Structures are given as C-alpha cells and as structure tokens.
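Let's take a look around this protein together. Have the sequence and the 3D view open as you read.

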Amino acid sequence: MRRAWGILLVLLLVAAKAAAQDITPVDIDTKKPEQPRLHYYDKHGNKLPEPVYFLAETDTVKKSGPASPWPIFNGVTVGFNFFDAVMLLAGQSYASFDLNASLSLANWVFPTVEFGLGYANNRQEENTMVYHTLLSPYAKIGIDYNFLYKSSPDYKAGLGVRCGWANPRYEIRNARIDVPYWGESSTFSITNQSVTAWYGEALAFVKVKIWQRLSLGWSIRYRFKMKIPEAGNSTPWFIPGYGGTSPLTATFSVMYTFGGKRKLEDKERSGGASN
C-alpha cells in the first residue's frame, strides 16, 4: 500500500514539473489603455438599478502644474535709480542715488537689494543756517510680489517692502539764535555729526519693457522711521535713501535683465525634441 502511494506521489510530481515547463509566461502590457469596468454602486455608495460600464480613474489625485509657468530662477535685473536727479533740477535740496538688483523667482517674488549714496545742502530762507550732509552710504533689502507672474517678465506690477540702513554724516552751520529782549543775535555751528539710522518702506511698483532686455521702472513709496537716534544735541534732518521730512517718495529706474524669459513648457518641448 505504501509503495502504491509512493508511486502515485512521484507521478504527480513529474506531471506538475512537465506542466510548469509547458506554461508560456504572458507579457503584461502596462501601456494598454484601461478598459471600462462594471459598477454596481454610484459614487455615493447607493446601489444602481442596473450595473453600468464606465471608465473609473484609479488615481483620483492628479498632478497639478506649477502656479507660475516660469522657472524658479528666471534671471537677474539690475538698475539705476535717478529720480532725485530730476528732483534736483526742480529745486530739491537733497538727493539719493542707488544701484538695485533683484532675483526673479518664477517671475513671482523678487528678493531685492539696493545700495547707494545720498547728500543734502539745505539753506533756511529765514536765516543763514545751512544743513549739510556729506556724501553718506545707505542700503536696503526687501522683497517684491508681482501680480503679473503668469504673464511676460517684460512687464511687472505689484507691491513690496524694504528695510533700510543709513549712516549720515552731517553738520549744521551758521545757526542763529535771536534774543529779542536785548536786540541781539548769535550764531553757532555743529560739526562732525554721525548716526546709524534704520527705516522701512512699503511700495507699489510698475516695470515696462522699452527695448529688448532694457526696461524702465517706477515705484511710489511710503516711508516710516524705525530708529533715528540723536547725535549730541542734534537730530539728522536728512537720511540717505529715506529723504527729508515727507513720508512719501518715488523712484525712477532704468534696468537691464540678465538671463531668464523662457517658459517651462518651452523648455520641455525643446528637451523632448533633442532626445
């Protein structure tokens, strides 16, 4: 009896091995379009009166495209602000001139730096006092937000903020003190004054292309003092990069852009064509 079971087991093993050798693997076509499926329930879980065929999405999470069609790093723009040069011709007694540079991140946000020099030479009309600021440095750092980030980088419109630092060196000459009781007056001067000032700006800006990579840009800025210390017995009247007493100012810059200006889909098409 045991011999019979042993013979039967050997025959089964031989048959299984032969069957395995005769089976031809079936290739699975992963690129084959998905076929409609028979569904018995709707999307709310309610049973349908009759089963229906439709093509169901196996993956309901679709890959969304980028919010901006431009690359993350999309060029650097440098410019020169000459607004105060125009204001000097109109009679303004102070000026600030700066070079600025901004990095385009997807034509959406623009980290920006500004470096410049400012000076003032203001004479009071009612007396002989002269407020004079020597050529002094200033710097600003901030960021701009472009509302037209999906459009061409040749045109921008948006809002921004700046944090400014300045180190004005100034003097007050021929300040007069009148003593009406005695009918006399005296003058004095304060020299070699220097402070470290901090201020902020909120701005609205526009940029337009004028020729190839050359552009013009305008901004209107609201300024507010953060820390303006006194120097001895005086307070600086003019802060480089900030201005005089008015909280409003403007900039007018000529700019040039290096690099950028190629959409993501354009790069993908050119890359696919070259492969």
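Helices (H or I, at least four residues) and strands (E, at least two) are DSSP runs, numbered from the N terminus. With that in hand, you can find Phe147 in the loop between β6 (130-146) and β7 (156-166). Keep in mind that this is a predicted model, where local features need pLDDT of at least 70, side-chain atom pairs count only at pLDDT 80 or more, and totals for chains, interfaces and linings use all residues. Residues are numbered from 1 along each chain as its sequence is written, and side-chain values use heavy atoms, leaving out hydrogens and water.

Now for the largest pocket, which holds about 230 Å³ of space. Its lining has 21 residues, and Asp84, Arg223, Tyr242, Thr249 and Ala250 sit closest to the centre. Two or more lining residues come from each of α2 (83-89), β4 (94-105), β6, β11 (214-227) and β12 (248-258). Which element gives the most to this lining? That's β12, with four residues.

Here's the lining by class (Ala, Val, Leu, Ile, Met, Phe, Trp, Tyr, Cys and Pro count as nonpolar, Asp, Glu, Lys and Arg as charged, and the others, Gly among them, as polar):

| Class | Lining residues of the largest pocket |
|---|---|
| Nonpolar | seven residues |
| Polar | eight residues |

Met226 counts as partly exposed because its relative accessibility is 48% (buried means under 20% relative accessible area, exposed over 50%, partly exposed in between, with a 1.4 Å probe and protein chains only). The C-alpha atoms of Met226 and Ala197 are separated by 7.9 Å, though the two are 29 residues apart along the chain.

Notes:
On a 1 Å grid over the protein atoms alone, a cavity is a set of points where a 1.4 Å probe fits but cannot get out, and a pocket is an open set with protein on both sides within 12 Å along at least five of seven lines; lining residues have an atom within 4 Å of a point. Grid points are joined across faces, edges and corners, and a volume is the space filled by probe spheres set on the points.
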